[in-house]
Amino acid sequence: MRLSTLLEYFHVETCYNEFKLFYIMRVLMFGWEFPPHNSGGLGTACFGLTRALAARKIDVLFVLPKRVGVGASFMNILFADDGKVRFTEIETTLRPYVTSESYVRLRDNIVSDIYGNTLMQEVRRYAMRAREVAKNEHFDIIHAHDWLSFLAGIEAKKVSGKPLILHVHATEFDRTGEQGVNQEIYDIERMSLEQADGIIAVSNLTKERLVKNYGIPREKIRVVHNGIDECDYLVTPDRLSELKRAGQKVVLFLGRITIQKGPEYFIRAAKRALEYDPNILFIVAGSGDMERQMILEAANSGISCQVLFAGFLRGEELTAMYRSADLFVMPSVSEPFGLTTLESIIAGTPVLISKQSGVSEVLVHALKTDFWDTDDMANKILSVVSHRSLKDTLWGNSREELKKISWDVASKKCVDYYEDILR
Amino acid sequence: MTSVCFYFQVHQPFRVKDYRVFDIGQDSEYFNDKSDRSINNEKILHKVAGKCYLPANAVLLELLKKHPEFKVSFSFSGVFLDQLEEFSPETLESFQKLVATGRVEVLGETYYHSLSFLYSPEEFRRQVALHRAKIEKLFGVTPTVFRNTELIYNNALAEEVEKMGYKGIIAEGADHILEWRSPNFLYRPQGTQNLKLLLKNYRLSDDIAFRFSSKEWSEHPLTAPKFADWVSQVNGGGDVVNLFMDYETFGEHQWEDTGIFNFLRHLPDEIYKNPDNNFVTPSEAILRYNPVSLLDVHHFMSWADVERDLSAWISNPMQHDALESIYRMEEGALATNNSRIIEDWRRLQTSDHFYYMCTKWFNDGDVHKYFNPYNTPYEAFIAYMNALQDLKLRIHNFQPQKSETKEVPIKHIS
């Protein structure tokens, strides 16, 4: 072999190895606060995905809205050992699930005048600040989670010229249960989705929604189902064991009490089920703009003493609540994914989910119902509380199934997508 | 000399409709679904009769006329015959015509295609007696060879069946039982004196029943000459090739366009091309051949799934619960002496109900899903347990009336 050929060969090999060993992809991610400071599945998803990406040797520069009391220092601790994830904060009053009305209420309580007077102003201000972050950092790709950070992603793309991936956890149609879609939010979503280089949807359900309601071409959307990592969940003892020893069964609704989550169907199914078995305690855990209405509805139905409102729970209280239940019910009208169902299974409780949910695509061992079919829901609730064997079989099988629904799987799909987009 | 012994299983359960908790105490018709779903028993029966029973019977009748030595055997569940009487008398007639040729043997089984032997030997004996009476009434013949539900079998069953007067019994030729031995001989069940055991040659049987239309199979397409050649290869190494399968293989599991009917139509000609080959019924095989050795089957085996065990019906907690619940009701149900209550209690014993609750491979959308008319095993369980709850209520509330029908007495054949 001639020396030059040998060198050429060697050179190529070296480059390839270099690429494999030393080339590190860096992601600029616009995300939301991690548990336990989060207020819903979005923060949990950001955390699970970021950690799994770090484990795949991806550098993540994680930008998040700063809030009083908690912040990047807490999150840095979570990733202290791994050095792959760095956090940057932007001061803002934005937080997940905020609505235009709730933003204004919140804004009224703040004296500082740096924040926008309306939600839209604040979203735009956040985007401008994101632009500055992007200017000063090096990265290969931008990844933004849900509409509040979409404009930030767009600005980062403009200033850096790097490709932008938008990760859709929920659309305005999901949040509003298709009633009273906010045109301004819809416009931001649609414009951003059109400008993005790639879109990740958390389910096929969401993908179809983007095609149908936003006119996005199917081939521009990749589905990456959420995951769950068992190690994040401690086993907490059941706190209602006294009640349950007395023969009470517990059926749980856990989520924001908003139109999207279908709380009224839960109350109606409760009323129907209680006609047949008065020994069931229905617990509504969460808060939201329909809470008062739901309390009234339970009262009007004469079932107030069997329907308890537990408020918003986190941490140990949350896992203890999951564990206390005999069945977790998610009657969502429109649920892009539904991470709470997976949390419930980890805590030891099987699930009844609405067919109109993304998680239904990956979870076979669940009872499924149409959210409006409260008779069917009641029938299934009554079966679970009266047949221990049903609960045990459902739970045992779903527990096995969870092993296939991990963030590791989800992060692999994200990395593959990054590579496809960068190619 | 190699004898080919065909046995076709013919069974349809009374599937439970989508029976909700609100129906308890209101509606005691558990099996009368009228929807388009595949739990509509009448609809299913008509569909399968059209695709399988009638055309397959026509082919068999044609073969019996053409070949004076051609023979086959059937085992009909009682609940299947009930559905023929109710929904499709013309199909019943076509089966009667086959049996009337004298070259179609009918086997004995439990009337309700049940797992009763596992839970109540008394109820098992009653159901076998009921089945025998039904066969005598509809076909004018008395079964002398027994096959238990889904070929569930062990030594204890063989002993019981011998006591009941049968000459032979049928089981799966499972590898874990046979080891180095061949299914192509007769065996003597451990613990019996005269009973003879016929074992299914599952490789050749499944070539027809499962692999016939499988394009991934290296032997695809399966032709009658090829199959006859495989059968002839047994010559010298066995007495009888037992081809046992669901009758629905013809036209229902393997659709007509796969060529399954043509295969069946040409098979006897091809088998007869080797003058050493012939056809026998199970009772003829028993007369003609002697067992080569004892066969010890301590644990239950069956012809289901790769495990060939009971796990298709009894593995998860729901299945255990459902089975224990139905057999716990035995005393109460029989004590009513009410024929409708007892009939419903027995129809709810059919093994298919428990099969539908199986979650073993629910993940992979396999054969269990194919055979499951419910959306999920959980829905099958929910409907079943609700119906059971209603039955319990009926038993509890039952007030005895005059002029009740009598149970069929247990009478052993000799």
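The following legends describe close-up views of a predicted model. Local features need pLDDT of at least 70 and side-chain atom pairs count only at pLDDT 80 or more, whereas totals for chains, interfaces and linings use all residues. Residues are numbered from 1 along each chain as its sequence is written, and chains are lettered from A and ligands numbered from 1 in the order in which they are written.

**View 1. Chain A and its secondary structure.** Chain A contains 17 helices and 13 strands; helices (H or I, at least four residues) and strands (E, at least two) are DSSP runs, numbered from the N terminus. Of its 423 residues, 48% count as buried, that is, with 20 or more other C-beta atoms within 10 Å of their own, C-beta atoms being placed from the backbone (exposed: 12 or fewer; partly exposed: in between). Among contacts between residues of chain A at least 6 apart in sequence, 70% join residues at least 24 apart; a contact requires C-beta atoms, placed from the backbone, within 7 Å.

**View 2. The two domains of chain A.** Domain 1 covers 21-227 + 406-422 and domain 2 covers 231-402, with bounds from an automatic or database domain assignment. Their centres, taken over C-alpha atoms, are separated by 29 Å. Domain 1 contributes 22 residues to the contact and domain 2 contributes 14. On the domain 1 side, α2 (41-55), α7 (172-175) and α9 (204-214) each give two or more residues. That side comprises seven nonpolar, 12 polar and three charged residues, where Ala, Val, Leu, Ile, Met, Phe, Trp, Tyr, Cys and Pro count as nonpolar, Asp, Glu, Lys and Arg as charged, and the others, Gly among them, as polar.

**View 3. The side of chain A that touches chain B.** In this interface, 15 residues of chain A are in contact with 15 residues of chain B. Helices α15 (374-386) and α16 (388-402) of chain A each supply at least two residues to the chain A side, and α16(A) gives the most, with six. By class, the chain A side has six nonpolar, six polar and three charged residues.

**View 4. Helix α17 of chain B.** The 21 residues of α17(B) (residues 377-397) should span 30 Å at 1.5 Å a residue, the expected span being 1.5 Å times one less than the number of residues. The end C-alpha atoms are 30 Å apart, which agrees. Of the 21 residues, 15 are buried, so the helix is mostly covered.

**View 5. The surroundings of B:Lys71.** B:Lys71 lies in the loop between α1 (41-66) and β2 (72-76) of chain B. B:Lys71 counts as buried because it has 23 C-beta neighbours inside 10 Å. Not counting residues up to four places away in sequence, B:Lys71 touches B:Arg103, B:Phe279, B:Val280 and B:Thr281. B:Lys71 and B:Thr281 are 210 residues apart in sequence, yet 6.1 Å apart in space, C-alpha to C-alpha.

Technical notes:
Contact = placed C-beta atoms within 7 Å.
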